Amino acid sequence: LPHRWPEHRHALGRHYIGLAHESLRDGRPVDALQQLTAGVSRVPDELEARRQLAILNTRFGRTAVAVRILVDGLPHGRQNLEYLRHLFTLLLELQREEQVLEIAARELPAKPTENVLDAFVALQAATANFALGRYDAAEVICMNWQLNRSLEGVLLLARCDWERGYPDLA
């Protein structure tokens, strides 16, 4: 059995995640929270379960735990746009712009790429800089990553101009 321990651990994690879905359907969020915690600890690459666990922790007022769960899952969810969207939305709602910038610095390549996921992370870094009042840094990111060709990038650049007191440029 020791040689099959990883498979057993994985199967047990999936079992707990399945129980959590039943608990959520039956209206037992506390049970689901415990089961998802046990499941995600055994199957860390299960992104949807990790996302649900973060949502439950947020609903129970444990936002710091929810952030840690999502950040810890980043190695598994780096190639998943919905996962990235959920992570950065939570961080920006909690006004953790510095953490957004740390993640972006760690995850983005040195040179801009055409990768949509990299562009999304760059947009989040630009948004965090904007929220911190660092309009020049936000504009540099937008220009380097050519975010000015996307609607979100154009809107962010217009907001930078507006905040600087140039409504005609916005």
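User: Where do Glu82 and Arg85 lie?

Analyst: Glu82 and Arg85 both lie in helix 6 (residues 81-93), three residues apart, which is about one turn of the helix. Helices are DSSP runs of H or I with at least four residues, strands are runs of E with at least two, and the numbering starts from the N terminus. This is a predicted model, in which local features need pLDDT of at least 70 and side-chain atom pairs count only at pLDDT 80 or more, while totals for chains, interfaces and linings use all residues. Residues are numbered from 1 along each chain as its sequence is written, and side-chain values use heavy atoms, with hydrogens and water left out.

User: And what does Glu82 form with Arg85?

Analyst: Glu82 forms a salt bridge with Arg85, and their closest N and O atoms are 2.6 Å apart. The term salt bridge refers to a side-chain nitrogen of Lys or Arg within 4 Å of a carboxyl oxygen of Asp or Glu. Side chains of opposite charge can pair when their charged atoms come close.

User: Is Arg85 buried, exposed or partly exposed?

Analyst: Arg85 counts as partly exposed because its relative accessibility is 34%. Buried means under 20% relative accessible area, exposed means over 50%, and partly exposed lies in between (1.4 Å probe, protein chains only).

User: How many salt bridges does the structure hold?

Analyst: The structure holds twelve salt bridges. One of them joins the side chains of Glu46 and Arg14, at 2.3 Å from N to O. Glu46 lies in the loop between helix 2 (29-42) and helix 3 (47-59), and Arg14 lies in helix 1 (residues 5-25), so this pair ties together parts that are 32 residues apart in sequence. Arg14 is partly exposed, with a relative accessible area of 40%.

User: What about Arg164 and Asp136?

Analyst: Their side chains, those of Arg164 and Asp136, also meet in a salt bridge, with 2.4 Å from N to O. This pair links distant parts of the chain, since Arg164 is in the segment after helix 10 (151-163) and Asp136 is in helix 9 (residues 135-144), 28 residues apart. Arg164 counts as partly exposed at 29% relative accessibility, whereas Asp136 counts as exposed at 55%.

User: Switching topic: how many helices and strands does the chain have?

Analyst: The chain has ten helices and zero strands. Its C-alpha atoms fill a box of roughly 65 × 35 × 25 Å along the principal axes. Of its 170 residues, 39% count as buried.

User: Which residues are buried in helix 4?

Analyst: In helix 4 (residues 63-72), the buried residues are Val65, Ala66, Val67, Ile69, Leu70 and Val71. The buried residues of this helix pack against helix 3, helix 5 (74-77), helix 6 and helix 7 (97-107).

User: Now Asn57, what does it touch?

Analyst: Leaving aside residues up to four places away in sequence, Asn57 touches Leu33, Arg62, Thr63, Val65, Ala66 and Ile69. Contact means heavy atoms within 4.5 Å. Asn57 itself is placed in helix 3 and counts as buried, because its relative accessibility is 2%.

User: Which aromatic pairs are there?

Analyst: The structure holds two aromatic pairs. One of them, Phe130 and Tyr135, is tilted, at 5.5 Å centre to centre with 50° between the planes. Rings of Phe, Tyr and Trp (its six-membered ring) pair if their centres lie within 6.5 Å; planes under 30 degrees apart count as stacked, over 60 as edge-to-face and the rest as tilted. Phe130 counts as buried, at 9% relative accessibility.

User: One last topic: what is the phi of Gln95?

Analyst: Gln95 has a positive phi of about 60°, although it is not a glycine. Its place is in the loop between helix 6 and helix 7, and Gln95 is exposed because its relative accessible area is 64%.

User: And Gln146, where does it lie?

Analyst: Gln146 lies in the loop between helix 9 and helix 10. Gln146 is not a glycine either, yet has a positive phi of about 55°. At 38% relative accessibility, Gln146 counts as partly exposed.
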